[in-house]
Amino acid sequence: MTQNNCRLVGLTGGISTGKSTVSKIIMEKGYTVIDADKIAREVVEVNKPAYLQIVEEFGKEILLDDKTIDRKALGKIIFSNKENRERLNNITHSYIFEAIRLKINELCFDRAIIFLDIPLLFEQYELWEKYNIIFDEIWLVYLDKNTQIERLMKRDGILKEEALGKIESQMDINYKKTKSSNIIDNSGDIEYLKEQIDKLLKGLI
C-alpha cells in the first residue's frame, strides 16, 4: 500500500504451518502486525452493528448466556449450508474489511512498514482489492504436506484422516506458494525460522 508512504506486507499460511509463530517473531523485532482474525472478532462484539444484524438474521438461539455469539452454534448453521454462510458473509465482510482498512490508514501515518496477518488472504483476495487494501508483498509460511499433517495431529490431538481433511478443506498451499512474494520455510528449528525472517526484514528496509 503506497498511501502515506507505508508499505503493507500480507502474512499468510496454511493450518498448522506456524504463521502465528512468525507473526510473534516479527512483533518482537518491533514491527506492527495487524491481526485480521482479532478485528473479525471485535466487529461482532455485543451490540455492535454487525452483531445486531447477525442476531436479527439467525435468531437469539445463537447467543450464549452472556449475550455473546456462540461461535460453535453459528458455525454449525453456516458450515453445513452455503446459503447461510453467504448470508453471514454479506453481513460481516463490509465491517471487517472497512475496520482493517481504517486501521492500516491510521497506523501508516507514523510507520513505514505494516504487516497484516491473514489466514485466508488468497481465498479472499478479490475482497482485499475491493476494499482498496493492496499488498506490496505477500509472505507465505510454508510446510510440506507430510510435516503439516504431523504437526496438526500433534497440535489438535487428532488422527491422520481428520488432519488431512482439515488441510484439504483449505486452498492448496502449493498454489499459494506460486502466488507469494516470499516463502518462509518452517520445516526446521526456531533459529532457522528467525534467520529467514531477519533476511526478509532486511530486504524491506
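Predicted model: local features only at pLDDT ≥ 70, side-chain atom pairs only at ≥ 80, totals over all residues.
Which residues does histidine 93 touch, not counting residues up to four places away in sequence?

Residues are numbered from 1 along each chain as its sequence is written, and side-chain values use heavy atoms, with hydrogens and water left out.

To the answer, then. Histidine 93 touches Glu98, Gln124, Leu127 and Tyr131, where contact means heavy atoms within 4.5 Å. Histidine 93 is part of helix α5. Helices here are DSSP runs of H or I with at least four residues, strands are runs of E with at least two, and both are numbered from the N terminus. Histidine 93 counts as buried because its relative accessibility is 16%. The cut-offs are under 20% relative accessible area for buried, over 50% for exposed, and partly exposed in between, with a 1.4 Å probe and protein chains only.

Let me turn to the partners of α5. Helix α3, residues 49-58, and helix α5, residues 82-107, have axes that come within 9 Å and cross at roughly 165°. Helix α3 is therefore roughly antiparallel to α5. The axes are lines fitted to C-alpha atoms, for helices over the stretch in contact, and the angles run from 0 to 180 degrees between N-to-C directions. Angles under 35 degrees count as roughly parallel, over 145 as roughly antiparallel, 65 to 115 as roughly perpendicular, and the rest as oblique. From α3, the residues Pro49, Ala50, Gln53, Ile54, Glu57 and Phe58 meet Asn84, Arg87, Leu88, Ile91, Thr92 and Tyr95 of α5. By class, this contact of α3 with α5 holds 7 nonpolar, 3 polar and 2 charged residues. In this count, Ala, Val, Leu, Ile, Met, Phe, Trp, Tyr, Cys and Pro are nonpolar, Asp, Glu, Lys and Arg are charged, and the others, Gly among them, are polar.

Helix α4 also packs against α5, at an angle of about 120° and with the axes 6 Å apart. The two helices α4 and α5 are therefore oblique to each other. On the α4 side the contact is made by Leu74, Ile77, Ile78 and Phe79, and on the α5 side by Lys82, Asn84, Arg85 and Leu88. These residues divide into 5 nonpolar, 1 polar and 2 charged.

Lysine 19 is in helix α1, residues 19-28, and counts as buried because its relative accessibility is 13%. Lysine 19 touches Leu11, Thr12, Gly13, Asp117, Ile118, Pro119 and Val141, not counting residues up to four places away in sequence. Lysine 177 lies in helix α9, residues 173-179, and at 34% relative accessibility counts as partly exposed. Leaving aside its neighbours within four places in sequence, lysine 177 is in contact with Leu140, Tyr142 and Ile183. The C-alpha atoms of lysine 177 and valine 141 are separated by 9.0 Å, with the two residues 36 apart along the chain.

Finally, the loops. Asparagine 47, in the loop between α2 and α3, has a phi near 70°, a positive value in a residue other than glycine. With a relative accessible area of 56%, asparagine 47 is exposed. Lysine 67, in the loop between α3 and α4, likewise has a positive phi, of about 80°, although it is not a glycine.
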